[in-house]
Amino acid sequence: MDKIELAHGSGGILMREFIENEIKKRFKNPFLEKLLDSAILSNKNKKIAFTTDSYVVSPIFFPGGNIGELAVNGTVNDLVAVGAFPEFISLSLIIEEGLPFEDLRKILDSVKISAEKAKVKIVTGDTKVVEKGKGDRIFINTSGIGFIPEDVKIGYEKIEEGDLLIVNGPIGLHGFSILVSRENIEIESELKSDTAPLNELWEKLYENKIEVHFMRDPTRGGVQGVLNEIARESGFDIILFEEKIPVTDEVKGLSEILGIDPLLMANEGKMIFFVKRKDAEKAVEILRKCEKGRDSEIIGEVKEKKHKGILKLKTKLGVTRILDMPYSDPYQESADFHLSHKPVSLRHF
Amino acid sequence: MKYLSEFREASKTKLFIEKTKSIAREKWTIMEVCGSQTHSILSSGIDELLPPNITLVHGPGCPVCVTPKEIIDTAILLSKKKDTILFTYGDMLRVPGSKESLFKAKGDGAKIKMVYSPFEVIEFAKNNQEKKCVFLGIGFETTTPSHASVILKARELNLKNFFVLLSQFRVPPALEAILKDPFNKIQGFLAPGHVCTVMGIEEYIPISEKYKVPIVVTGFESVDLAEGIFMLIQMLERSENAVKIQYKRSCKPEGNLKAKEIMKKVFKIGPQKWRGIGLIPDSGWILREEFREFDALNLLKEKIEEIEETKEGCIAALILQGKKKPFECSLFGKDCTPLNPLGAPMVSSEGACAAYYKYKKIAD
């Protein structure tokens, strides 16, 4: 492959290969090595989590949110995923010439509200304006810093056989709401992005001394993509229970029409918690008391290291099958395959 | 959703599997012809619940997989011509030709657009008369009527800049090709529900009689497939050769008369090359003389070379004819993967090899 493809940035096999071959090899150091959502930096007595992310979403306004709150929530959740309590965020704006001030103000107001909700401070930033045609209205980069209490021990090496997987609500909402507005798909629905900061969920679990072994927010690549990565890194097989995975009727319907599995769709307000089996029921109870965790469910479990890190699905018929690492973005994948057997394209037979 | 979930209900699916278990005494080998059926069987796990005396084998019914490389090569050549734009369905983009895929060609600047319907091409051609618009359409009898309609529409609008590059397959000759083979092991077919919704069952009756095989026209959801398998095993156990319809909610015995009329107006039966298998007589739909002006090949002076379809060691032809299963191939999952497909059944995710790779990959 001699050129960058869109798939290199979309959370699948190509992106992983790119990070391994072009990034990890060049910048080799123990902090980067683990490729967690945030790097965990430590000095004598403190652990600091540090993360950065760029937001290039199109459209910049979508049902349920906009690029501004996405930029804050995404970074907050990347800090939460390593067990940190987020405190500081930087905000870099790359604005295309011609963006209406009204739009920019709306975005900045959302940044403010999200930061308040997440109890983080915007402490530094940067603004650049590029010529018309050299950007896509606005790109945002946010970096974040959070602190990890001494007694928190979260990481691939903490995952153990028997751990149960909990998700804090229905999946696929963000990915489908972006797709619907990007492609102008006319549907009557109340579908909205789930973008939200999830530090409250983590705080409650921590306060209640729930033994959480790992966390990950299933953004690009969706639940299927990130769990494949976790299975590979930890070496454990993971089984998802098809019947337990929460999916709204709207997402189910769109998934049928567009031929895209909700498991592959990005989420912006979901976290998958790997919790010690004995604590799992209690964890669900605690999460369900939080606004963003009302529909929490146990959706899977960690199995022995039989196949060295394979993700499987226990189907409704009780049979298990593989859930493979996605190749690229599901929307591109849909062009590849899924639409071929769906009525909209008339391609099936 | 309610309409669909009814046909995916686990309890109903299990019930038909239990009924099948209770009647299946002999050893039976049956083929689901369509790639979507293979996909549905493997993703729900029906194959693992059936008793060991029933073997399911996978048929040649994935149109993306069986489209010859020459068609892709021709499409790429056209898309690189001055003032010519190629339009196609999204699932064709990654299918490799002899050197590259449409996706790769697009990345290098070829003019290729994805459409959901051929009528989008008509709209574009109407508004961009200076461009030559070529529609690359493939498929079985489900897509052929819409391809015929779009050509009729182009004629009605007197469009001189609209062309088609088509590769259209017929199912019955493929079934006959499989049955004629003396080493064939297939005793019954789950016929593709969508194709029969268009074509009806009249073409299947003589095949069932001549080769003494039962055929059940089956849908695509787990309940459909479990019921279709039950109906087929029931006929096999009773030595009954007939064509029955499981997919009654969509398929009528006579098919869709209007669709058949439209396609016959524009196309006639002709030879068709199948990737991985070769040329099968009468297995395609080709343009009638009076519509040849729409043939995209008119735009080409170059001759497209015939290509040997199967790589050394690849058993694609045997898999497409139900003689071998993907795990029996030494290249499966090693040299041959969906990212680097060597044979037709790995080319599209609906192919049998790709479905095994996606859902099974590792034998437990």
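Reader: Where in chain A is the place of A:Pro59?

Author: To place a residue, one looks for the elements on either side of it. This is a predicted model, and in it A:Pro59 falls in the loop of chain A that runs between strand E2 (47-55) and strand E3 (61-62).

Reader: Which kind of peptide bond joins A:Ser58 and A:Pro59?

Author: The angle to read here is omega. The bond joining A:Ser58 and A:Pro59 is a cis peptide bond, with omega at about 5°, and A:Pro59 itself belongs to the loop between strands E2 and E3 of chain A.

Reader: Turning to another backbone angle, what is the phi of A:Lys209, and where is this residue found?

Author: A:Lys209 is not a glycine, and yet its phi is positive, at about 55°. Its position is in the loop of chain A between helix H6 (199-207) and strand E9 (212-216).

Reader: Does A:Lys209 count as buried or exposed, and why?

Author: The relative accessibility is the value to consult, with exposed meaning over 50%. A:Lys209 counts as exposed because its relative accessibility is 69%.

Reader: What is the phi of B:Lys212 in chain B, and is this residue buried or exposed?

Author: B:Lys212, which is not a glycine, has a positive phi of about 55°, and its place is the loop between helix H12 (204-211) and strand E8 (215-218) of chain B. With a relative accessible area of 59%, B:Lys212 is exposed.

Reader: Which residues does B:Thr38 touch, not counting residues up to four places away in sequence?

Author: With those sequence neighbours left out, B:Thr38 touches B:Glu32, B:His58, B:Ala352 and B:Ala355.

Reader: Where is B:Lys80 found, and what is its relative accessible area?

Author: B:Lys80 is located in the loop of chain B between helix H6 (69-79) and strand E3 (84-88). Its relative accessible area is 49%, so B:Lys80 is partly exposed. Once neighbours within four places in sequence are set aside, B:Lys80 is in contact with B:Glu100, B:Ala105, B:Ala110 and B:Lys111.

Reader: How many residues apart in sequence are B:Lys80 and B:Asp108, and what is the C-alpha to C-alpha separation in space?

Author: Separation along the chain and separation in space have to be read together. In this pair, 28 residues in sequence separate B:Lys80 from B:Asp108, while their C-alpha atoms are 9.9 Å apart in space.

Reader: Moving to whole chains, how many helices and strands does chain B have, and why is it described as being as compact as a globular protein of that length?

Author: Chain B contains 17 helices and 11 strands. Its radius of gyration is 21 Å, close to the 21 Å that the globule rule gives for 364 residues, and therefore chain B is as compact as a globular protein of that length. The C-alpha trace of chain B spans about 65 × 45 × 45 Å along its principal axes, and buried residues make up 60% of the 364 residues.

Reader: What does the corresponding reading of chain A give for its helices and strands?

Author: Chain A has 10 helices and 14 strands. Because its radius of gyration, 20 Å, is close to the 20 Å that the globule rule gives for 349 residues, chain A is as compact as a globular protein of that length. Along the principal axes, the C-alpha trace of chain A spans about 65 × 55 × 45 Å, and 57% of the 349 residues count as buried.

Reader: Finally, what pLDDT does each chain average, and where in chain A is the pLDDT below 50?

Author: Confidence should be read beside the geometry. Chain A averages a pLDDT of 86, and 91% of its residues score at least 70. Over residues 332-349 of chain A, however, the pLDDT is below 50, although this stretch has 72 contacts in the model beyond near neighbours in sequence. Chain B averages a pLDDT of 91, with 97% of its residues scoring at least 70, and the model as a whole scores ipTM 0.77 and pTM 0.82.

Terms used:
Residues numbered from 1 in each chain as written. Chains lettered and ligands numbered in written order. Predicted model: local features only at pLDDT ≥ 70, side-chain atom pairs only at ≥ 80, totals over all residues. Heavy atoms only, no water. Helix = DSSP H or I, 4+ residues; strand = E, 2+ residues; numbered from the N terminus. Rg over C-alpha atoms; globule rule 2.2 N^0.38 Å. Buried < 20%, exposed > 50% of the residue type's maximum accessible area, 1.4 Å probe, protein only. pLDDT = per-residue confidence, 0-100. Contact = heavy atoms within 4.5 Å.
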